[in-house]
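Dear colleague,

I would be grateful if you read the text beside the model.

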Amino acid sequence: MPTPNTFKRALAAGTPQIGIWSTLPSPYVSELIAGAGYDWVLLDTEHTPSDVPLMLQQLQAVDAEPARRSAAVVRPAWNDPVLIKRYLDIGAQSLLLPFVQTADEARAAVAAMRYAPRGVRGMGGSTRASRFGRDAAYVREAERELCLLVQVETREALERIEAIAGVDGVDGVFIGPADLSASMGHPGNPTHPEVRAAIDDAIRRIRACGKAPGILMVDEARARECLAQGALFVAVAMDLLLLRNAADAVAAKFKAGAAASAAGGSY
């Protein structure tokens with residue numbers, strides 16, 4: 001039978017899940033951060049040079065971490081039934097689909113996650129998801145363990161949150177703060193008061209629909225605010241930013257020290 005999806009069950013139980021966003025498309029990095037203790041890790045393909053074959057290796061790397069393994073959530077590049085099928089076939093259980101604008105688009109995503117007669121997912125008999133065909137129950141029971149998260153990231157999508165969240169088969173709704181801020185006329189400024197108010201309202205409305213709200217928020221104070229308001233899956237760090245900021249800080253520290261020594265030694 002399919003592996004139980006602990007991430008999906010935690011969201012259904014209303015248990016907040018703290019995550020890390022991964023944009024470094026490397027199995028080595030995936031395995032490292034999977035053991036850091038986060039509840040979930042977002043493996044991105046929308047804004048990274050990753051693809052299906054590389055994602056297979058990243059999923060295997062996450063599975064290789066036995067002690068404190070995070071639940072893997074894969075973000076395909078688009079809400080596309082072919083991409084959805086391919087990521088499910090290689091073993092992804094939780095998907096975050098970008099730029100879902102309407103309830104019809106959400107329903108199309110649900111259909112792509114399900115086999116006929118409830119959906120349109122293509123049947124593959126010997127996929128990694130079914131342990132290469134050894135799991136005879138996979139086709140019948142996979143739907144129960146698959147988690148679908150849809151991403152709303154425009155002013156128009158926020159106006160339709162109730163309709164999108166109300167679609168049967170949608171487990172959670174993720175608010176994309178960067179694209180939302182651009183859609184609202186504040187590009188590059190997701191902390192603008194108007195954007196903050198819209199995010200706060202969206203979290204409340206998603207919870208009122210009985211679905212899990214999610215967001216990426218690397219500012220600690222703001223991330224804690226979102227959790228306090230009811231967000232249930234919150235990514236609080238990004239691997240690329242952690243590496244960049246640490247590398248920049250060490251370089252700046254030593255370059256400043258070298259400059260001070262040079263100045264002190266000149267006459």
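D168 is exposed, because its relative accessible area is 57% (buried means under 20%, exposed over 50% and partly exposed in between, with a 1.4 Å probe and protein chains only). The model is a predicted one, in which local features need pLDDT of at least 70 and side-chain atom pairs count only at pLDDT 80 or more, while totals for chains, interfaces and linings use all residues. Residues are numbered from 1 along each chain as its sequence is written, and side-chain values use heavy atoms, leaving out hydrogens and water.

D168 forms a salt bridge with R114, with 3.6 Å between the closest N and O atoms (a salt bridge is a side-chain nitrogen of Lys or Arg within 4 Å of a carboxyl oxygen of Asp or Glu). R114 has 11% relative accessibility and therefore counts as buried. The side chain of R114 also meets that of E143 in a salt bridge, at 3.2 Å from N to O. E143 lies in helix α6 (residues 138–145) and R114 in the loop between α5 (103–113) and α6, so this pair ties together parts 29 residues apart in sequence (helices are DSSP runs of H or I with at least four residues, strands are runs of E with at least two, and both are numbered from the N terminus).

By the same rule, the count comes to 19 salt bridges.

A231 lies in the loop between α11 and β8 (233–238). A231 is buried, because its relative accessibility is 1%.
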